[in-house]
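Colleague: I am new to this structure and would like to know how some of its labels were reached. Please go through them with me.

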Amino acid sequence: MSKTVKALLGACALAAAAGTVSAQDQVVNLYSARHYATDEALYSGFTKATGIRINRVDADDAGILARLKAEGTASPADVILLVDAARLYKGEVDGLFQPIKSQVLNDAIPANLRSAPAADGGIAWFGLSTRARVIVYSKARVQKEDVDTYEELGAPKNKGKLCIRSGSHPYNLSLFGAVTEHMGEQKAEAWLKGMVANLARPPKGGDTDQIKAVASGECDIAVSNSYYLARMMRSSKPEDQAVVSKVAVVFPNQNSWGTHMNIAGGAVARHAKNRANAIRFLEYLASPEAQNYFANGNNEWPAAKGVTLDNPALKAMTGGAPFKSETIPISAVGAHMTKVQQMLDRAGFQ
């Protein structure tokens, strides 16, 4: 059975369940693109703390947004969890979320990691965890100073060295949108063309595949979300440790605008039937308890202010020191998506 069919069946079951809930049976209906087993602790923790039961349907970001459009006012969804800033922005622009006012969330989540305020001051979505888009390189064949900025991914000195997943994948689209915000459209497009010229092979696979390709010698440098490397660092598998021993990581642009940080985030669905429970769930996800689940369970950085990080892999990646991350509004990344896709087409970036 395909993932799409499973997700559709799940949505039907969720809708049926939502229709039979009694007034005493508190629920929140969740559409989630977070497919991480460690998140189960989040959900059980919320139910234990509040008595509110979670009904969940899993799908990818695009599938969830398409389903919300198709369901319209009949949608049972209360909370939407997505794993990319550009998709959250798209959901907001398409009117699939309802802006909310929560002092708890406003106090916890930095302004640059949430949507721009609506006319009434409400916020359409909040970042709940972050992941750095880092550069992984061969310890044996590459010098750190040749790959310590995103700009160098498109520099002639790195010709034939780059591995990367599809340019149209949301993680790359968000990075490219951020670079466009920093550099301007003309320079960003020239940079993308330079990256195409530097490819060691056509874009394919996921981020873990790029890391393994560097270790195997298929390429010398790659782009990855930080948590993929952290997973391998924490793995007990000898093959993963062998890969980790051959690669190093750099957090780009420490002397300029900082490393690009994408988000996973949440929103209240436009037609939420359990609005108060939905807001309560998002507030729980911004709590120190939940933020530590994100950090320790899926190797993501907390989005909430003042949360202490205790993840050995993330600490090892940065040498235990803080790093400079970009501070542009993450909503600006989504605003560039259409022009970024057009630039990719012109650059021949698959």
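**Salt bridges and burial**

Modeller: E300 and R131 are both buried. This is a predicted model.

Colleague: What makes E300 and R131 a salt bridge?

Modeller: Their side chains meet at 2.7 Å, N to O. The cut-off is within 4 Å, so the pair counts as a salt bridge. The structure holds 18 salt bridges. This pair links distant parts of the chain, 169 residues apart: E300 is in the loop between helix 12 and strand 9, and R131 is in strand 4.

Colleague: Why is the pair of D207 and R133 called a salt bridge?

Modeller: The closest N and O atoms of D207 and R133 are 2.6 Å apart, and the limit is within 4 Å. D207 lies in helix 8 and R133 in strand 4, so the pair ties together parts 74 residues apart in sequence.

Colleague: Why does D207 count as buried?

Modeller: D207 has 1% relative accessibility. Buried means under 20%, so the label applies. R133, also at 1% relative accessibility, counts as buried.

Colleague: R201 forms a salt bridge with E218. Is E218 buried, partly exposed or exposed?

Modeller: E218 has a relative accessible area of 40%. Buried is under 20% and exposed is over 50%, so a value in between is called partly exposed. R201, at 9%, is buried.

Colleague: How do you know that D84 caps helix 4?

Modeller: A side-chain oxygen of D84 lies 3.1 Å from the backbone nitrogen of A86, at the N-terminal end of the helix. A polar contact needs such atoms within 3.5 Å.

Conventions
Residues numbered from 1 in each chain as written. Predicted model: local features only at pLDDT ≥ 70, side-chain atom pairs only at ≥ 80, totals over all residues. Heavy atoms only, no water. Polar contact = N/O pair within 3.5 Å; in protein donor to acceptor, adjacent residues only side chain to side chain. Helix = DSSP H or I, 4+ residues; strand = E, 2+ residues; numbered from the N terminus. Buried < 20%, exposed > 50% of the residue type's maximum accessible area, 1.4 Å probe, protein only.
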